[in-house]
Amino acid sequence: MLFSNLSRVVRTSVKPSSFSNSLLLTPLIRAFISTWEHVPQGPPDAILGVTEAFKQDTDSRKMNLGVGAYRDDNGKPYVLSAVRKAEEFILKDKLNKEYLPITGLASFTQQAALLAYGKDSVPLNDSKIAITQSISGTGALRIGGTFLSRFYPHAKKIYVPTPTWGNHTAIFRDSGLEVAQYRYFDKTTIGLDFNGLLEDLKSAPKNSIFLFHACAHNPTGVDPTREQWDEIANVVKDREHFPFFDMAYQGFASGNTDRDAYAVRKFVNDDHHIALAQSFAKNMGLYGERVGAFSIITESPREKAAVDSQIKILIRPMYSNPPLNGARVASYVLSNEELNKEWLSEVKMMADRIITMRDKLKSHLVNDFRSKHSWNHITDQIGMFCFTGLTPGQVERITKEFHVYLTKDGRISIAGISSHNVKYLAEAIYEVTK
């Protein structure tokens, strides 16, 4: 108590300017002035806050629709069979635990590039794609942001959609890029603001950097159609913009990895030199393994070698080299014909379950509860997340009265819904929106 009171007295009575002369402070007083006294309390993470509130709720009907991780129909984490078998192969092969090279496991990055760009990709087959393993998709975005901050010859400013994944702005800002927004989501239609998107692409200065979600836009679940992607690609080409794709859900959106890669491959086929961040958290369930890749298309093998060298220089002081186990698992799954086939079927199964939950939620709202609102957006959207259109007030009410936890913007994780609770959720949504 004495020490606590002394510390309080020192903090309130001694002016910070007097600290410049340490001789004025006795050793005893200095001992009670914390070096980190000036550090402010940061705001809590919005999604983690939802999870914490959910955990404290004792109601048996509670639902956590905030976390972006797949759950099976019993609400349990799901480990893919193909992943389990890959782990068995790795154990059987008795591999070592040596450091990986700076850019990671070569067998993994080769397969990751093949999955994203396709076997017929010209720049891939011509050795024009520089690629590195990364600490999942977040790490890939950070590597890409820092590389662009150092070497992009035009404005160090990246445009992200409104809204976008909550971490995008922080990642790019900390990478040294200025962050701006372009129109994407239309709150009135709960769909894509395609005209606004095109207008912002056209009005941005030439050679601007634009971030695009390759598929299953997070958080809205609203994706452009193929025809709209074609038009976006044309405008980007005309304005000489630089496209940076974030592909965190390949295969997880539609259940087909080639279909979900349409936008990326369209841009590449149209001779855009894109950058790409990949994550294997969702489509392989490797959340805690942190498996991802960053790649960028260059003009020639010589240019690729130079870009490779700078990516290594960038990564070395950041984390030296990436983790081994998850990349091995992904490499085995992608390169083994039987495991790959099983994985693709499991990816489709996960995507189909999410699509089924969307169908059931809409059906209960329309057919069972006779809601007067249009809920077409539930099935029009795609991927793990759905922007329900609930207002902050409705979100607060559905949490307090029905123990359904979601973010304040009305986003729900469809993966958190099961056949056991989908009707209850529909009833809750109906009650707060009627």
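**Overall build**

Among contacts between residues at least 6 apart in sequence, 75% join residues at least 24 apart; contact means heavy atoms within 4.5 Å. The model is predicted: local features need pLDDT of at least 70, side-chain atom pairs count only at pLDDT 80 or more, and totals for chains, interfaces and linings use all residues. Residues are numbered from 1 along each chain as its sequence is written, and side-chain values use heavy atoms, without hydrogens and water.

The protein has 19 helices and 13 strands. These are DSSP runs numbered from the N terminus (helices H or I, at least four residues; strands E, at least two). The radius of gyration is 25 Å, close to the 22 Å of the globule rule for 434 residues, so the protein is as compact as a globular protein of that length. That radius is taken over C-alpha atoms; the rule is 2.2 Å times the number of residues to the power 0.38. Of the 434 residues, 50% count as buried, meaning under 20% relative accessible area (1.4 Å probe, protein chains only).

Now turn to strand S8. Six of the six residues of S8 (residues 242-247) are buried, so the strand is largely enclosed by the rest of the structure. In a regular strand, side chains alternate between the two faces of the sheet. Phe-242, Phe-244 and Asp-246 are buried on one side of S8, and Pro-243, Phe-245 and Met-247 on the other.

S8 has parallel neighbours. Five bridges join it to S7 (residues 209-213), with Leu-211 opposite Phe-244. Four bridges join S8 to S9 (residues 275-279), where Gln-278 partners Met-247. Strands pair if DSSP finds at least two bridges between them.
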